[in-house]
Amino acid sequence: MNKKRFYQLILKNFLFWLSRKIDYPLLPPDVVQVNFTFRCNLRCKMCSMDEQMKFLESQGRQVEIESDTFRKIIRETKDLGTKVILFIGGEPLLRKDLFDLVGYARSLGLSAVIVTNGVLLNRENIERCLRADVDWLSVSIDAATEERFSKIRGENILGEVIRNIEQLNSSKRNKNREFPKIVAVCTIMDDNLEELLDIVNLAKRIEIEKVLFQPVVASNIDQTQRDNNYPGVIPTNRLDVLDKAIDKLIDYKRESIQNFNFIGNSIRHLQLIKRYFRDKVKPCHLPCYAGYNRLQIVQEGKLYFCVSQQEFEATFGNVKVDSLKSLWFSKRARFYRRLIRKCKFPCLQWCSYRDDFFELEGILQKILLFR
């Protein structure tokens with residue numbers, strides 16, 4: 001264990017915890033997330049992005065952020081002190097200027113993460129990833145068989161995604177490159193419960209760095225929404241199947257340090273997923289750090305935190321008008337941070353907490369499990 005890293009984690013985690021207590025950010029966000037585009041090449045059953053894009057278009061509103069605005073965001077991300085910028089969609093690989101913007105971010109010393117479904121990660125885009133020095137690719141893998149994958153994603157494309165990942169790894173070996181590394185993100189839903197551990201084994205076989213699991217939400221746009229009929233929700237008579245699937249993941253993590261590290265979720269987070277689908281997760285179980293750990297910017301340049309959009313206008317400013325730093329410390333941002341603390345609907349999504357919390361928790365658990 002790296003003692004310096006251990007003490008850095010303790011200090012940084014404490015400052016984030018204190019920030020939430022006093023309603024004022026003592027540190028810059030871990031990540032600036034930019035909703036690059038609402039366009040996507042797939043129509044996944046649990047995703048509401050296409051529906052939202054059609055809504056925006058019906059109002060004559062833009063569905064993609066301008067390159068010049070994005071460059072301003074990149075510069076001001078560095079000024080804010082944040083180290084990571086997240087390119088998310090829709091499907092970012094549909095944008096022709098993606099790698100130019102990634103290269104610009106990397107030239108300023110920022111880490112670049114692209115969230116993709118992996119279908120467009122062809123040979124040409126792999127070479128562009130390598131040339132632009134992309135740090136991480138987050139690839140959605142929600143099943144281990146073509147039959148289930150196509151049911152979720154709408155097309156028979158799992159084999160294509162796997163081949164693309166294998167080609168990327170081959171290119172990295174040929175060029176003696178470590179990056180971009182790949183993390184597989186799996187959305188847990190009724191359709192894939194029987195394959196969760198198979199997804200882990202698949203990810204290891206195709207040399208993915210780690211796997212993350214998160215539960216399906218009723219709305220990608222407003223994660224505070226609750227609806228018992230949304231796509232992917234797990235019915236009561238299938239909750240025992242969920243429990244067994246989660247227990248297998250926990251058992252896998254406990255088998256070795258390598259397995260422990262390969263599944264990015266903490267054991268406690270996996271256990272909470274069982275409670276999530278029973279509507280029994282309370283804010284005290286896993287306090288939400290949205291508003292402190294991540295600054296989210298949508299295609300119109302507006303900034304927002306995760307709050308109930310049925311009750312409030314979610315935005316607290318526009319980067320086209322003001323700087324990220326001034327908006328981050330603004331009174332309006334503080335108003336939304338207070339609302340987040342009062343949220344009664346824990347979603348267990350990755351944007352609601354910090355990887356550093358889980359890393360510190362994992363260090364302590366590994367000492368107990370593998371000493």
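Which residues form a nonpolar patch on the surface? Select Ile 22, Tyr 24, Leu 26 and Phe 329: together they make up that patch, with about 340 Å² of accessible area. Patch members have over 30% relative accessible area and no salt bridge, with like charges joined within 9 Å and nonpolar side chains (Val, Leu, Ile, Met, Phe, Trp, Tyr) within 5 Å. A salt bridge here is a side-chain nitrogen of Lys or Arg within 4 Å of a carboxyl oxygen of Asp or Glu. The areas come from the Shrake-Rupley method with a 1.4 Å probe, and for residues only the protein chains shown count as cover.

Before moving on, keep in mind that this is a predicted model, where local features need pLDDT of at least 70, side-chain atom pairs count only at pLDDT 80 or more, and totals for chains, interfaces and linings use all residues. Residues are numbered from 1 along each chain as its sequence is written, and side-chain values use heavy atoms, leaving out hydrogens and water.

**Stop 1: Leu 26 and strand β1**

Zoom in on Leu 26, in the loop between α1 (3–22) and β1 (31–35). Helices (H or I, at least four residues) and strands (E, at least two) are DSSP runs, numbered from the N terminus. Leu 26 counts as partly exposed because its relative accessibility is 37%; buried means under 20%, exposed over 50%, and partly exposed lies in between (1.4 Å probe, protein chains only).

Now follow the chain into β1.

**Stop 2: the neighbours of β1**

Next, color β2 (residues 84–88), where 4 of the 5 residues are buried. β1 and β2 run parallel and are joined by 5 bridges; two strands count as paired if DSSP finds at least two bridges between them. Pick out Val 34, whose bridge partner in β2 is Phe 87. Val 34 also stands opposite Ile 297 in β7, and β7 (residues 294–297) pairs with β1 in the parallel sense over 4 bridges.

Come back to Phe 87 and look across to Ile 114 in β3, which stands opposite. To get from β2 to β3, the chain passes through helix α4 (residues 98–107), and this β-α-β crossover is right-handed. That means the path from the first strand over the helix to the second runs clockwise when the strands point away from the viewer.

**Stop 3: the whole sheet**

Zoom out and select the strands. What order do they follow? The 9 strands form an open sheet, β6-β5-β4-β3-β2-β1-β7-β8-β9, with mixed pairing. At the edges are β6 (210–215) and β9 (315–318), each pairing on one side only.

**Stop 4**

Select β5 (residues 181–188) and β6, which run parallel with 6 bridges between them. Ala 184 has Val 211 as its bridge partner in β6, and Val 183 stands opposite Lys 210. From β5, the chain crosses through helix α8 (residues 196–205) to β6 in another right-handed β-α-β crossover. In β6, 5 of the 6 residues are buried.

**Last stop: Gln 349**

Finally, select Gln 349 in the loop between α13 (331–341) and α14 (355–370). Is this residue buried or exposed? Gln 349 counts as buried because its relative accessibility is 6%.
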